[in-house]
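Biologist: I am new to this structure and would like to learn how to read it. Could we go through it feature by feature?

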Amino acid sequence: MLCLAGWAWHLGRSPRALLALTWDADWYIKIAANGYGRTLYWPGGAVQSDLAFFPLYPSLLRAVTTALPVAGGTAGLLVSWTAAAVAAWGVYAVGDRLAGRRTATALVLLWGLLPHSIVLSMAYTEPVMTALAAWALWAVLERRWLWAGALAALAGLSRPNAVAVAAAVTAAAAVALWRGGSGVRRDWRVWAAGLAAPLGWCGYVLSVGARKGDPLRGYFAVQAGWTSRFDFGRGSLRFVRKLATGPYDLGYTMAFLITAAALLLFALFLLERPPLPVLVYTAVLVLIAVGGSGFFESKPRFLLPAFPLLLPLAAALTKARPRAAVMVTGALAGLSFAYGAYLLTLAPMAL
């Protein structure tokens with residue numbers, strides 16, 4: 001934050017405006033203030049509707065502006081900063097449950113020093129989704145089924161890729177019912193969690209579809225207007241080929257490197273044989289990020305909630321010599337601080 005503020009002031013720009021009003025944040029603020037209904041038509045034929053944005057975050061903004069005498073941008077920052085703190089606590093709780101306190105601490109540290117971690121300080125939805133996802137995972141690992149189902153349903157209202165949370169909780173409930181005895185099958189809480197988890201995501205997708213006259217495909221048509229669709233990675237491969245044959249802005253190259261690193265980390269993550277809900281959650285996030293086309297530069301942001309990918313690195317960091325750990329942490333901090341400032345002040349592409 002200090003690096004960003006110093007560089008922004010050096011350029012004569014407002015740090016608050018960069019954090020609160022940049023790119024998607026402006027859409028969320030307008031939805032919170034005026035409701036849905038805004039559509040932009042571009043000369044190339046693209047049609048961008050605000051129905052692509054899920055309703056939880058703007059609803060939180062509206063609640064804050066109603067309760068406090070602040071503008072929408074400030075409300076967005078208050079929600080995101082609070083959610084980022086809750087998310088960090090949840091990431092620690094999951095890490096502690098899986099690998100112990102030292103690894104959990106390193107996990108939070110690495111997550112906070114990702115190159116795109118500046119997004120966690122912006123009026124964006126990733127902090128809210130990560131907070132709900134982390135605590136839903138913790139709840140399902142602790143077999144607190146009602147909490148898991150409720151948090152997954154709420155997470156499903158935050159972002160399109162929050163379907164990963166619903167998939168994780170539903171899969172865990174299904175396996176518990178399949179492997180458990182008659183006592184588990186009679187436990188209504190397990191059934192409730194599995195059935196409630198996808199309600200938020202499915203409810204919004206179907207409501208947009210109904211509004212568009214096609215309940216099953218309407219929302220995905222809205223996403224296609226943003227050039228965003230799932231094509232099993234064909235669009236990503238085409239972009240990578242273009243990236244290899246011509247000059248591109250630094251942000252695109254970094255997006256490719258971070259996405260490739262995520263795939264490598266996912267392979268290492270699989271070797272650790274994580275619990276089913278953590279595995280499903282992480283796999284769905286990686287699949288959506290890699291298999292989706294459009295806005296290649298945003299893929300690292302889509303992967304921010306996939307914090308379990310960092311578990312192998314966190315475990316290695318706890319076993320490293322103190323001097324090596326300090327050097328790695330310092331290098332990551334330098335990259336994160338500088339790159340975050342670059343993304344919000346100099347990068348020409350959308351975040």
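Modeller: We can begin with one side-chain pair, keeping in mind that this is a predicted model. The side chains of threonine 345 and tryptophan 7 make a polar contact, at 3.1 Å.

Biologist: Where is threonine 345 placed, and is threonine 345 buried or exposed?

Modeller: Threonine 345 belongs to helix α19, which covers residues 322-345. The cut-off for buried is under 20% relative accessible area. Threonine 345 has 10% relative accessibility, so it counts as buried.

Biologist: Which residues does threonine 345 touch, leaving out those up to four places away in sequence?

Modeller: Leu4, Trp7, Ala8, Leu11, Arg13 and Leu18.

Biologist: Trp145 was on the core list. Which residues of helix α8 are buried, and what covers them?

Modeller: Helix α8 runs over residues 145-155, and its buried residues are Trp145, Ala148, Gly149, Leu151, Ala152, Ala153 and Ala155. Their cover includes α7, α9 (163-179), α11 (188-196) and α12 (199-211).

Biologist: How do I check the length of a helix?

Modeller: Multiply 1.5 Å by one less than the number of residues, and compare this with the distance between the end C-alpha atoms. Helix α5 (residues 72-99) has 28 residues and should therefore span 40 Å; its end C-alpha atoms are 39 Å apart, which agrees.

Biologist: Where do phenylalanine 232 and arginine 273 lie, and are they buried or exposed?

Modeller: Phenylalanine 232 is in the loop between β3 (229-230) and α14 (234-245). Arginine 273 is in the loop between α15 (250-271) and α16 (276-291). The cut-off for exposed is over 50%. Phenylalanine 232, at 68% relative accessibility, therefore counts as exposed, and so does arginine 273, at 75%.

Biologist: What does UniProt list for "transmembrane region"?

Modeller: The unreviewed entry lists several spans, including residues 190-210 and 278-296. An annotated span can be set beside the model. Residues 190-210 are 90% helix and 0% strand, with end C-alpha atoms 30 Å apart. Residues 278-296 are 74% helix and 11% strand, with end C-alpha atoms 25 Å apart.

Biologist: Which residues does UniProt list for "domain: Glycosyltransferase RgtA/B/C/D-like"?

Modeller: Residues 57-179, again from an unreviewed entry. In the model this span is 77% helix and 0% strand, and its end C-alpha atoms lie 37 Å apart.

Biologist: Finally, how many disulfides does the structure hold?

Modeller: The structure holds 0 disulfides. As for individual cysteines, cysteine 3 is partly exposed, at 43% relative accessible area, and cysteine 202 is partly exposed, at 31%.

How values were computed:
Residues numbered from 1 in each chain as written. Predicted model: local features only at pLDDT ≥ 70, side-chain atom pairs only at ≥ 80, totals over all residues. Heavy atoms only, no water. Core = buried A, V, L, I, M, F, W, Y, C linked by side-chain atoms within 4.5 Å. Buried < 20%, exposed > 50% of the residue type's maximum accessible area, 1.4 Å probe, protein only. UniProt positions renumbered as here; feature names shortened; annotations may be inferred. Helix = DSSP H or I, 4+ residues; strand = E, 2+ residues; numbered from the N terminus. Disulfide = S-S within 2.5 Å. Polar contact = N/O pair within 3.5 Å; in protein donor to acceptor, adjacent residues only side chain to side chain. Contact = heavy atoms within 4.5 Å.
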